[in-house]
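This briefing goes through one protein model by topic. Please keep the sequence and the coordinates open while reading.

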Amino acid sequence: MTETSSMAPAQQESGSQTLAVRASGVDRAFGGVQALRDASFAARPGEIHALAGENGAGKSTLIKVLCGLIKADRGTVEIFGTEVSRVVEPAARRRMGVATAFQELSLLPDLTVAENLLLENPPRGRLGLVKRRGLGPAAEEILGRYGVDDIDPRATAADLSVAQRQVVELVRVLAGEPRVVILDEPTAALADRQVEWLAGHMRQLRDAGSCVIFTSHRWREIEALADRVTVFRNGTHVATRDTLSEAEAVTLMSGRSFAGAYPELTTVPQRESALRVKGLHSGRLHGVDLDLRRGEILGVGGLAGQGQRDLFLTLFGAQKARQGTITLDGKAVAIRSTKDAIRAGIAYVPEDRKAEGLFLPLSIRDNIAAATLSRRNTAGFVRRGAERTAVGSIVDQLSIGKGRSTNRAVDTLSGGNQQKVVMARWLLTDARILLLFDVTRGVDAATKHDIYELVGKLAAQGRAILYYSSETEEIAHLCHRVLVLREGRVAAELAGPVGDAERIVAASIKENHDA
Ligand SMILES: Nc1ncnc2c1ncn2[C@@H]1O[C@H](COP(=O)(O)OP(=O)(O)OP(=O)(O)O)[C@@H](O)[C@H]1O
């Protein structure tokens, strides 16, 4: 372990090689929120540099300052030694070779993939006129160069899945072969296979001398990819290191330390069945049986795309089953709509906070209270006092927005804090069955830990929890039992805690090995 220095990187590196990016003494506030304070950051050409920090630490804000989307209130920004602090124009930065992929995808939804890819640099004929007919082949060539064969360049961006949109956004950024490439949580929406794909291209750019900067809440990725890591806390640079263990990183990011990454599974499920599913056919599911008991955390594992999402959506009434029965507390029920599901005491907490859950302009309090309003209404009035107490307690428990007012609009929160709001909303309801679908995506390590503990507490209260995560490790550690889905069926059942994620992976691909 070599600690390069705990000094601010901009000072530390002055006088050495020309830096690709250098920010020093940067302040930036949004209304009363000081997102960056005296922030410093420096990255070299030919390195992959991870920017780590809790939700709300200021990573996205720093990225927006670096790429010229917003202006710093104070401080300087240099790109390859040229001061650009006064230029607030992403196009000017792009001309200097800085390309950025943002957390909120910036594809234009009504345009095709080809138009999005070639918006800035369309193919032109001899007279300089845009060759509309040339768009398709040019886009196909670019996608082909990056080995992307499952996206049609003629498809409209809005019709793509979130992961596909992210891939197009990344191809658009990579294809310019930028000297500085900045990726804000590029893997949050990607499947494992796509993460590998991206990692390969990031390394290629680095090896060709570009400076690659990225953010991630997955330590595994940072460890595997980054040459150096910078940690931010509360809008300020805390450390820049060549190597860093996860435990140290979490302590630096949050100021607290953890004995272990996962809490011990101490509860035992009750005997009674809370939810029984027989012969479920829906989407990719071809005859799934399961029995979820009260107080049980039942993991749903398997490679991505084996029907996990279909299972969750169908149980929540958001997708229609072709066949099968659902029994709740021993009684057969028909769940034809999300209303039916909510009435039956089922809550679904999704990972895609923007598409599936939040009213962005409304306050944190209103968003969290949305699912419980009917319960606490007396004669049509919202009991504001009761609401404030209930919301306040869950906000504290998940440390949403660092103790600031719950009257703030949700769209002023960082991405991870928005995810916590979705989670809080459903946890406040009386739901007896919780369908938790990849709820820790884009959430920082300390909060993940809070969520794990919360899931344990909810199970201890007797709630029945169906748990899916794109991080198989979580399923291996948190669940009493794990069902492994393969091609729409339960291929294996493992007693938990499984402990070793490899066992779940092995069960997911067993058939392929056997073949
Ligand atoms: N447009 C805005 N209006 C008000 N506050 C904002 C705005 N953008 C960011 N903030 C606030 O600035 C702080 C830093 O947010 P930022 O998005 O930079 O964090 P982050 O480190 O990228 O977090 P995450 O990992 O959750 O994406 C947060 O407190 C956030 O609520």
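Helices (H or I, at least four residues) and strands (E, at least two) are DSSP runs, numbered from the N terminus. The model is predicted, so local features need pLDDT of at least 70 and side-chain atom pairs count only at pLDDT 80 or more, while totals for chains, interfaces and linings use all residues. Residues are numbered from 1 along each chain as its sequence is written.

**Overall**

- The protein contains 19 helices and 22 strands.
- Of its 515 residues, 44% are buried; buried stands for 20 or more other C-beta atoms within 10 Å of a residue's own, exposed for 12 or fewer, and partly exposed for values in between, with C-beta atoms placed from the backbone.
- Among contacts with a separation of 6 or more, 69% join residues 24 or more positions apart; a contact requires the C-beta atoms, placed from the backbone, to lie within 7 Å.

**Six-stranded sheet**

- An open sheet of six strands runs in the order S6-S7-S8-S3-S9-S10 with mixed pairing, where two strands pair if DSSP finds at least two bridges between them.
- Strands S6 (98–101) and S10 (236–241) are at the edges with a single partner strand each, so one side of each has no neighbour in the sheet.
- The twist from one strand to the next averages 20 degrees; axes are lines fitted to C-alpha atoms, for helices over the stretch in contact, and angles run from 0 to 180 degrees between N-to-C directions.
- S3 (residues 48–53) and S9 (residues 228–233) pair in the parallel sense over five bridges, and Ala 52 has Val 231 in S9 as its bridge partner.
- Helix H7 (residues 192–207) lies across S3, S7 (180–183) and S8 (211–215), at about 145 degrees to S8.

**Four-stranded sheet**

- Four strands make an open, antiparallel sheet in the order S12-S11-S14-S15.
- Its edges are S12 (285–293) and S15 (331–333), each with a single partner strand, so one side of each is left without a neighbour in the sheet.
- Seven bridges link S11 (residues 273–282) and S12 in the antiparallel sense; Leu 275 has Leu 292 in S12 as its bridge partner.

**Ligand shell**

- There are 19 residues around the ligand, and Phe 30, Asn 55, Ser 60, Ser 414 and Gly 416 come nearest; near is set by a C-beta atom, placed from the backbone, within 6 Å of the molecule or strand.
- Strand S2 (33–43), helix H2 (59–66) and helix H16 (415–427) each give two or more residues to this shell.
- The shell divides into five nonpolar, 13 polar and one charged; Ala, Val, Leu, Ile, Met, Phe, Trp, Tyr, Cys and Pro count as nonpolar, Asp, Glu, Lys and Arg as charged, and the others, Gly among them, as polar.

**Helix H17**

- H17 (residues 445–460) has 16 residues and reaches 23 Å from its first C-alpha to its last, close to the expected 22 Å, which is 1.5 Å times one less than the number of residues.
- Its buried residues include Lys 448, His 449 and Ile 451.

**Backbone exceptions**

- Glu 185, in the loop between S7 and H7, is not a glycine but has a positive phi of about 45 degrees.
- Asn 234, in the loop between S9 and S10, is likewise not a glycine and has a positive phi of about 50 degrees.
- Gly 496 and Pro 497 are joined by a cis peptide bond with omega about -10 degrees.

Key:
Contact = placed C-beta atoms within 7 Å.
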